Structure formats: structure tokens, C-alpha cells
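Hi,

Here is the structure I promised to pass on. Have a look at it first, and my notes follow below.

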Amino acid sequence: MKFRQFERSIIIGASMVSVLLTVSILGLSPTDTMAQGTNATNATGAANATGAAGGGETTVVMPLGSSSSTSGEGYEPDPVTVSPGAIVVWDNEDNALHTATSGNPDTQTPDGKFDTGYVTANTPSKPVTMPTEPGEYKYYCQLHPFLVGTITVQ
Ligand SMILES: [Cu+2]
């Protein structure tokens, strides 16, 4: 009887160890793989200095003064290269409302690929998911159509 209990506790102990091992292996490897994949993709994108550091999230700044057509300020950096389905945040450092709306800047026609909506002054936009299909996506500010940028998905 005593021997049986001892034997059972060894078996329970051993199976708990294997469960813990399995959990730690499953818990670590997908994240590591994803992080490595994202960094590798970003490393190949020439103009994507911000994306590499953030583990997949890229920030584009709407600089102070960019609501003025004569300031020479615009989306920064531009153009930006991201992975398919990447997250981009537009950080509005200006004292005016802005948007980053994909579409045709010349006709000011949104194409529905992505849109920050109105981004309040001195506030970052919500995270915006980029298209999964590779290509060059032009975007502009609906309030200041002279503000034009390009997101390259590759
Ligand atoms: Cu604007």
C-alpha cells in the first residue's frame, strides 16, 4: 500500500514536469518565430527604420506645422515599407486635426484600404492594419489634401 502511493506520486510528479515542459516549449516558440520573421522582413525594407525596433508596429509622425501647406512639413518618414497586414500608428504632433486616408490624393477619393479617421492634435491614432496584398498605397489627409504619403506593402 505504501509502495503504491509512492509509485503514484512519482508518476504524477513526472507527468507534471512533462506538462510544464510542453507548455514552456509551446509558449516560447511561436512568439520567437514571429518576432524573427518580422525583423527579417523589416530589415529588407530600405526606409523602415521605425518598424524594425517596434516588433512590427510602425509609427508615422504628423509633424508640428504640417497643417500649413507652406511649412514643408509632411508625414514622416515617407515613404514607409511594411509587411503585409502590419500595424501602423500615425502620431499627430501637430496642433490641428489630421487623417491618414488611403486613396487618390488628386481627386481626394478614399479607397477604403485604410483610414485613421480624425486624429486629435498631440495624440497618436488608433492602430491601423495595413492591407495584406503587396503594393504601393497612396494616402492623404482629408482636411489638408496637400499632405500626401505612401505606404509600400511588401
Ligand atoms: Cu491634416
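Before the strands, a word on terms: two strands pair if DSSP finds at least two bridges between them. Helices (H or I, at least four residues) and strands (E, at least two) are DSSP runs, numbered from the N terminus.

Keep in mind that this is a predicted model, where local features need pLDDT of at least 70, side-chain atom pairs count only at pLDDT 80 or more, and totals for chains, interfaces and linings use all residues. Residues are numbered from 1 along each chain as its sequence is written.

Now the sheet. Strand β4 (residues 101-104) runs antiparallel to β8 (residues 135-140), and 2 bridges join them. Across from S102 you'll find Y139 in β8. Both strands belong to an open sheet of 5 strands with mixed pairing, in the order β2-β9-β8-β4-β5. Its edges are β2 (80-82) and β5 (109-115), each pairing on one side only.

The loop between β1 (57-62) and β2 is worth a look, as it holds P77 and P79. A cis peptide bond links E76 to P77, with omega about 0°, and another joins D78 and P79, with omega about -5°.

Q108 sits in the loop between β4 and β5, while N122 is in the one between β5 and β6 (123-124). Q108 counts as exposed because it has 12 C-beta neighbours inside 10 Å; N122, with 11, counts as exposed too. (Exposed is 12 or fewer other C-beta atoms within 10 Å of a residue's own, buried is 20 or more, and partly exposed is in between; C-beta atoms are placed from the backbone.)

Cheers
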